[in-house]
Each structure stands twice: as C-alpha cells, then as structure tokens.
Amino acid sequence: MCKICVFAGTAEGRELIGFLLGQRQAQVTACVATEYGKTLLPAAPGLSVSCQRLDREEMAAMLAQSRFDLVIDATHPYAVEATENIVAACRDTGTDYLRLCRDTGYVPEGAAVVPNAAAAVQFLEGTRGNILLTTGSKDLAVYAGLSDFGERVYVRVLPVEDSLRLCREAGLPASHILAMQGPFSQEMNLASLRFANARYLVTKAAGSAGGFEEKLEAAAKAGAVLVVIGPPPQQKGLSLPEMIEFLSRRYAFSQKQQVQLVGIGPGDPGMMTRQALQSVEQADCVIGAARMVQAVSRPGQATFCAIRPEEIRDDLLTHPQYRRFAVVFSGDIGFFSGAKKLLPLLEDFEVRLIPGISSLSYLCARLGVSYEDVVPVSLHGRTRDIVPDVLAHPRVFVLVGGEDGISRLCQALVEGGLEDVRVSVGERLGYPDEKITDGTAAQLAGRRFDRLSVALIENSGAQVVVTHGIPDEAFLRGGEKTPVPMTKSEVRSVSLSKLRLTADAVCWDVGAGTGSVAVEMALQARRGQVFAIEQKEEAVLLLKENRRRFGVRNLEVVEGRAPQICRDLPAPTHAFIGGSSGNMRQIFALLIEKNPRVRIVATAVTLESAAELTRCMTDFGFEKTEVVSLSVARARPAGNYHLMTGQNPVYIFTMQGGRRV
C-alpha cells in the first residue's frame, strides 16, 4: 500500500486522482482550497479530502503526521505561492515531491501578453470599450483601480459566495457579474463576450485543459482583443501522461488506458458533435487515417496515422505513457465503420463509443428526404453486385471508393438494365466545396467524381414481390418445337421452399436448363452466389439471356458436364438437381465431399430417376430426408367451359447431412 497526497487545483489533478483511485494499492489524500474544489472530486473509497487553505507550517505538520510516500503538486500554474509552500513543506519533512505540469498553450500573434494583473490594468487603462475578465475573483481588487471600472468591466466567476462577495467588495454592479461554472465551450465564451459587448477579453494562458483555445477562438469571432496574463514561471515537472507512466513503474500500477472510438462526421470538423470534439480535444493521443487526424487534432497533440485495426491496436499497446486515446473514424462508428473490426481487439482497454453524423443522414438531409426506408450498401473496399439491391428496393444508399467509384457504380446499373434510375451523388460532403449532382445512371456513367463520394439511388419501378414463383412465361425457353427443359412454377416454388435458402447462400443448380430455378435462387440469395451448371449449348445461351433479363449478376453460368466441371467451384450450402445426365451418384458424392452439411433438393419425373434418387438417399446415409409427390393440374378452355388437365407427377427429394461412401 502506498500513501499519496495530491494538491489538486486543476483538471489534470482531478484526472490523476481518478487514475490513482483505480489502483487497489493506492491510498489517496486530496488537498483543495475551497468547498467548491471538494465538490469536483468523487466520493470514493480510498480517497480522503482536506478542504482548507494551508500555509507552509500547516502543510509540513500534515505531511509529518500522515507520513506520505509521495506528494504531487497539481496546483494551478498561476498558484506560485502555493507551489513554493508545498516544495518547502516537503523539504522540511523529507517527503518526495513531484510537480504535475500543464501545457499553457500557444499564445497567438496580436494578443497583449502581460506578466500579472497589475500590468493588465496598466495596459487597459489607455483603451476604450468594455472588458470581460475570465481570470476569477482573486485579483478583482487590482482591476478595481481601472478608471470607469464599474461601467467597463464584466467578470465571469464561480457561482460561490466567496467569489460573489469579492465582486461586491470591488464595486461591481450585479448586472456585470456572470456567475457560472465551466468548462466553457467556444459558443459559451462567444455568448459571454456578446453579452458584455466586450472589446477586450482578459484570460490566463492556461492551456487546453483550462479552456484557453475555446477563449481564443471566441475572441477571434467576436473581434475582441486578447489580454493574456502569463505564461508564469513554472518549476520543471511531468505532464499527466508522463506522471501516470512514472507512477505505474514505481508502484506497479496497472494502467488501463481509455480508448474512445469517435465518429467525426462526413467531412469538415464543423460537422463533429460537441461530444466528439471534447473527446478529441481531451485525448492525450489521436489515432486514425492521416486525413482525419490532420483535420481534428490540436497543435502539439500526439498523433499516429493508422488504418488497419491491428496497426491501431499495436499503437495503443506500445505507448503506455498516454492514458486517453481518441481513435477517429469518418462518418458514424456504427455505419460501415472500421470500428466494427477494431472493437474485438480492445479487450484490455476501457472503451467508449462516440457516434457521429453518417454520410447517409447528411446526404438525405441535403436532399430533403427521409432515410427511414433507405437500404444502405457499401462498395468501399468490397465487391458486391448492386443491381439486385436496386431491383428490390425503391431507394439504396451506396458508399463507394476510388476516383472512378461512382462511374463504375453507374455503369453497373446501366449493364443491369437500370439506366433510367435516379442517382444523387454527394461529393466531399461537409466540406466547404461539397457538391451534389443528380441524374440518371446513364447520364452519370461516364463522368468523374471526387473519391470522397456517396450516392442515393432511387428506383420507382423496384420489384415488390418477395415470394418465389415467377410466371413460366417470364423466362425465355427457345424454339416452340423443342423448348429447353424448365422446372415449372408450381414445382419450382415447392422446391425452393424445401431448399430453405439464406441471403448469403452458395448454391449449385445442376442441369439448370433455362435457369428458372437458378434465377429465383439468385434473387433470394442476394448476398450469396449461384452457379448454374448446364452442358447443352442452346440452354447455356438461354441461361445467359435470362440472367440478363432478371438482372441477377450473382448468378454465374458454368458450361460443362457435372460433376467434372464442378470440382473447382466453391463448396455449396444448397444444391438443386434438375438433371444429371446419368451421373446422379457421382454428383451426390462430390456435393458431400465439398460440404457434408449441404442441403440438396432434387426432382424426378421418371420412375427410373426416382429409383436412383431413392438409392442415393439411402446409400449416403442422410440425417434428414423427405420425399414429396406433387401432382399439378391446369385449366384449359373447352368451349364455354374449362377442364382441368393433369401434368406429369413430380417427385421432390430433400436431403441433408450425408456421409461419404
């Protein structure tokens, strides 16, 4: 067990205390000067709080009594007297001392830099216009020496009695007192400046943790002059990441780093949410693609450029000196984001997800349309046939990649017979030079667009039928005298039901004929792949034409005799056998060799074929079997009447879970 005393007057000090409270072997005493400072600390086991102003002798007495292993001075950079007393008390008692330093930040050109409040008064005395003081109430008596103090000066102080009492004693009217608690955003600082109609903003160079950058940006927008006190002389010490690394080594603390996965929106940092901005601003280190890191990181912030999940994880693991990371992703982390693959690699970290504005919601907002019925698809670094999605849905949103991504997308739509669908392309969304272009797929197919582009495709003629059973007449069958064999719609519907296809199924249609079964397979397994195996040249030509007619680009025609031509095909999850040319047993053997769990549906019209399927069903030892005899009769006109004409009965065999023989 180690005993550590932290003089906590800064946000960094409170963060350090939070880290120490996560260590079982640490007993922490926090020293703050006010009751307000006490309210900012957590009520946690292992933490005791001393709330009083201590001089050198009182500090020494406390240290001598408690026998601390270490004292950490995390007081404000401007609390010079407090630091001097802490150093002296540690020297008097022989207690180890460390200074936690704050980066006081960059002071821009044009700002008036003065060493103290008296110098600020001297500078402001010769000016005109209202003044907003954001340096607290401690030096109000000094500023009261300004001419027209009660008319010109507005002050922002903590909403506590001590601060308000000092305002009254200095002679400020109540209307010039802004009593509020930070942290303050750029917008809040700007509102304060406008409320005071301030020409001058007086602040301390307190770094990013003290909200200095937000004040700097607000002053620039309001046209106010910055009067910066400091930076003050400061003893050498350790930054927060360096302090945590030192303590972890010295006391064998387990430092579980915080990793925030941050969606930064579609483009310009102006599209980031306030939560995302704060996460990046408060991070010790920012990781992500070079373009995004450069756009959102603050000056002097540690950064690493990485895209692959493994690279990001390695950067996290090899830099234990940083306690808080922000890993930035474009758009929203839950929308086709690299965060999905990174998350499983972060079990050793404390992880938080910060969502952002997706390119889908942004583009739809710019187009003035709702996106509740839009189907999202990503072609960014992926291979996928977009045509079936557009055929099936009225509106499809597409993420693309590469300089010719949009052109290739539109060309695929044209080749799939969708040249007239409406395409709205958003280029560099969220950036000042964003551009939105509308047109048909045919009109946009030959044009070039920025590589940072997305598209909304609208198809008013999208198919709405979701069940199988396409009418027989919708398929081309060849000559009237010798049409290519086709599985009729009723048998096809029952067979497809028995197959129980999934959206990502890999299907074989052996003896595909016109491709009626293969086409319906491809329409149902939109994310999968269908292989139509056929040896007859006339049937192959019809297959390709029917594939084009239905726009099923996930259907591949394989010309040749089964099973020989099938040996190099991917292992099927489902197979339909409509014809075997006498090779039924060899086809079954190959299917089971490829995948013992393949689900097979086969049809037979002749008794000989039914007998062969029965032998295969028995010999290959399937776990699940079913045989259905389907008889269909169709009506035909007979004068003023209709008579039912029976079709040949069909045997439908279903099998799954076979073994090799």
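Modeller: The sulfur of Cys305 lies 9.9 Å from the closest cysteine sulfur, that of Cys285, which is too far for a bond. A disulfide is a pair of cysteine sulfur atoms within 2.5 Å. This is a predicted model, where local features need pLDDT of at least 70 and side-chain atom pairs count only at pLDDT 80 or more, while totals for chains, interfaces and linings use all residues. Residues are numbered from 1 along each chain as its sequence is written, and side-chain values use heavy atoms, with hydrogens and water left out.

Biologist: How many disulfides does the structure hold?

Modeller: The structure holds 0 disulfides. Cys90 is in none, as its nearest cysteine sulfur, in Cys5, is 7.9 Å away.

Biologist: Why is Cys90 called buried, and what makes Cys305 exposed?

Modeller: Buried means under 20% relative accessible area, exposed over 50%, and partly exposed in between (1.4 Å probe, protein chains only). Cys90 has 3% and is therefore buried, whereas Cys305 has 53% and is therefore exposed.

Biologist: Which residues of helix α1 are buried, and why are they said to be on the same side?

Modeller: In α1 (residues 11-21), the buried residues are Glu12, Gly13, Leu16, Ile17, Phe19 and Leu20. They cover an arc of only 160° around the axis, so they lie on the same side of α1. The arc is that of the directions from the helix axis to the C-beta atoms.

Conventions
Helix = DSSP H or I, 4+ residues; strand = E, 2+ residues; numbered from the N terminus.
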